[in-house]
Every structure is written in C-alpha cells, then in structure tokens.
Amino acid sequence: DKFDELIRLIQTEASISLNKDFILKVFLVLYSNDVAFKVKNFEDDEFSLVKKAKLNFDKISATISGVCRYANRIDLDNETLRSKYALIPIIYFCYKNDFEIDNVARGEKNKRLIEIWLKTALLKGMFGGKPDSVLTAIRKIIDGACGEFPTKEIINAFRNKSKDVTITRDFIEDKVKGAHYNSAEAHILLSLATRLDPSQRYNVDHMYPRSMFRKTELEKIPRLRSDEKLREFYLDKENWDTVGNLQLLNDSENKSKGGTGLSAWTKAVSRYKWSDYFIPTDEEGNLIVEDDRFKEFVEKRRELIVDAIMSALTI
C-alpha cells in the first residue's frame, strides 16, 4: 500500500513513473551489501533489509519523491529519464547526507554537480544493460565523499571502461548533429545549453518550421532553384530535424510561435532574448534568419550550442 501511494504521488508531482522493483532496488542500495534481486537479500530476520526499510520508510519515501521533483525541475520527465536507475545514486547520496535536494534555497553546488552527472549518465547510457555493478561502484565512491556529490570521482572511476561517462567536445558535436526532434537526447542536450526556469514546462520546437522543408515550399526559395547541392542540404532531415534547428520553448511561447517562420518570429521577440535561443549573427551583427540562409544558420548555431553545453558541463 505504501509503495502504491508513493508511486502515485511521484507520478502526480513529477511526471515520472516508477514501479515496485525500483523501490526495492533503492532498499538494496541503502541497506544491502549485495544489490542484486535475490531472495536471501530479503529474508526476514532480526537484521533484515525489510525491517530496516519499514523503520525508515518515511525518510526513504521523502528522499525518493524529493529527488524525482528535482529531476522534473531540471526538465526531466518520464520520456527523457530513459533509465530510472540513474536516480538511485542521487537518492543514496541525499539519504546518506540528509541533503534536501528539493529545497530551492539550499545546496546549489551539489545540485549543479548532480545535474551534470545525471544528464551525462543519461546521454552516455550508463545504466543500460545490467546496472548492479555500476550502482555498487558508485555507492562506494559516494561513501568516500565528504558531503559533496562526487561527480569528478565517478567520471574518473569509469574512464576507459565499458560505462565510460567522459564527455568530449567530439561526443557532444556528434550528438548535436544526430539527435532528432522526438528523442530524449535532443531534449537533454537543449536543457543543458539553455537557461531554464524551474517553474516552467518546456517543449522542443523547430526554429525554421518543419513545413518549410517540403519540396513544394522549397520551390519558393529562388536560391535553391539554381543550387542543387544546397537544396539537398535543406531536404536532409539530419539538418532540419536535429538540435541545430531545435529549441526549448515554454508552453505559452510554443503556442504563440506556432508555425511562424523564423524571420517573422524573431521580429516579435525581444532582442535581449535572441542569445537565449542561440540565434547566430553574421559579421555585421545581423541575425541569420532568412529562408535562404538556413545552411549558414544551422552550422553556426550548432557551434553555439556545443559551446554552451561544454560550458555547462565544466566542473
């Protein structure tokens, strides 16, 4: 009954779907040397994991729900949080250190370290396959830390191993070029690059609208009629449907923009917001937003986004 209540609460408050196995895995990481699902780890005796979990369930529940609300505030939800197990090291750290991650007024440094590690782990697929050995190794690293989330130490411990979470510029450049509109990766990359308001919910939006890249619409751009190579660039979904042509907009911004062309939309947006959307400029300082400058726009914007992500991941 308590499990079901907690699962419903988190779904309502944080838009994250957990299950009973996840909560049991949290118990194992908190109280058992062996974190695998084995009957012997749940045997009922005087010192059993289940008895410890019962005694501390209020604290466990508050920690799990607090971490999930925090994840939602940094723009992660059920779709973008592809492996829920990535939350467990954070739950362990918060539980062990009595760190109230959901307290908006405290612990900014730890929250930043946690966000860097969590989004890096998701981008690198750290919890794919069998995660027990990863959870055990990270738990040991956290045990050796002194109240600060050990992002650097975790990255160093897994360097050059199968679960390597080292982020290089080449890796981010490849992801920015290859992550498509409806992918969790695109959303995570944009959330790393963008200054987010935790009170807002964000949607991924095409800057140059998708409708512009239909063959019939491209016929209206004079420059493309005489430049077949450029036309092929416009037609390639790898260019217009990936991060270079995507942005995060809150609900009201997304509704007001709709299918408006980029040039018209930027005229309605405050010039002080242009840099927030990574809209590139030419040597004269003019925005690159015209329909016939899409190639120039997307190539320069990719660089701006990669720079912002690398800066955000700097510890």
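The legends below go with a handful of close-up views of this predicted model.

Some housekeeping: local features need pLDDT of at least 70 and side-chain atom pairs count only at pLDDT 80 or more, while totals for chains, interfaces and linings use all residues. Residues are numbered from 1 along each chain as its sequence is written, and side-chain values use heavy atoms, with hydrogens and water left out.

**View 1. Y208 meets F294 edge-to-face.**
The structure holds 17 aromatic pairs, and this view shows Y208 with F294. Rings of Phe, Tyr and Trp (for Trp, the six-membered ring) pair if their centres lie within 6.5 Å; planes under 30 degrees apart count as stacked, over 60 as edge-to-face and the rest as tilted. Here the ring centres are 5.1 Å apart and the planes sit at 80°, so the pair is edge-to-face. Y208 comes from the loop between β1 (202–206) and α11 (215–218), and F294 from helix α17 (residues 294–312), so the pair ties together parts that are 86 residues apart in sequence. Helices (H or I, at least four residues) and strands (E, at least two) are DSSP runs, numbered from the N terminus. Both Y208 and F294 are buried; buried means under 20% relative accessible area, exposed over 50%, and partly exposed in between (1.4 Å probe, protein chains only).

**View 2. F213 stacks with W240.**
F213 and W240 form a stacked aromatic pair, 5.3 Å centre to centre with 10° between the planes. This pair also links distant parts of the chain: F213 is in the loop between β1 and α11, W240 is in helix α14 (residues 237–240), and they are 27 residues apart. F213 and W240 are both buried.

**View 3. Two lysines sit over rings.**
The charged end of K59 sits over the ring of Y95, 4.3 Å from its centre. K124 does likewise with F171, its charged end 4.4 Å from the ring centre. To count, NZ of Lys or CZ of Arg has to be within 6 Å of the ring centre and within 35 degrees of the ring normal.

**View 4. Helix α4 is largely enclosed.**
Helix α4 (residues 57–73) has 17 residues and reaches 24 Å from its first C-alpha to its last, close to the 24 Å expected at 1.5 Å a residue; the expected span is 1.5 Å times one less than the number of residues. Of those 17 residues, 12 are buried, so α4 is largely enclosed by the rest of the structure. Among the buried ones are F57, I60, I64, V67 and Y70. What covers them includes α1 (2–14), α2 (20–31), α3 (49–55), α5 (88–97) and α6 (108–124). N72 in α4 counts as buried too, at 10% relative accessibility. Not counting residues up to four places away in sequence, N72 touches E13, A14, S15, D77 and R201, where contact means heavy atoms within 4.5 Å. After α4 comes D75, with a positive phi near 75°.

**View 5. W117 in the largest nonpolar core.**
A nonpolar core is a set of buried Ala, Val, Leu, Ile, Met, Phe, Trp, Tyr and Cys residues joined through side-chain atoms within 4.5 Å. The largest one has 81 residues, and F22, I64, W117, L118, M126 and F127 touch the most other members. Helix α6 gives the most to this core, with 8 residues. Leaving aside neighbours within four places in sequence, W117 is in contact with A86, P89, I90, M126, F127, I138, F149, T151 and I154. Apart from this core lies another, of 23 residues, including L230, F233, L249 and V298.

**View 6. Strand β2 is covered on both faces.**
All 5 of the 5 residues of β2 (residues 246–250) are buried, so this strand is largely enclosed by the rest of the structure. L246, L248 and N250 lie on one side, Q247 and L249 on the other. β1 and β2 pair in the antiparallel sense over 5 bridges, and Y202 stands opposite N250 in β2. For strands to pair, DSSP has to find at least two bridges between them.

D98, in the loop between α5 and α6, has a phi near 50°, a positive value in a residue other than glycine. D98 is exposed, with a relative accessible area of 53%. N160 is in the loop between α8 (151–158) and α9 (169–178), and its phi is near 65°. N160 is exposed as well, at 72% relative accessible area.
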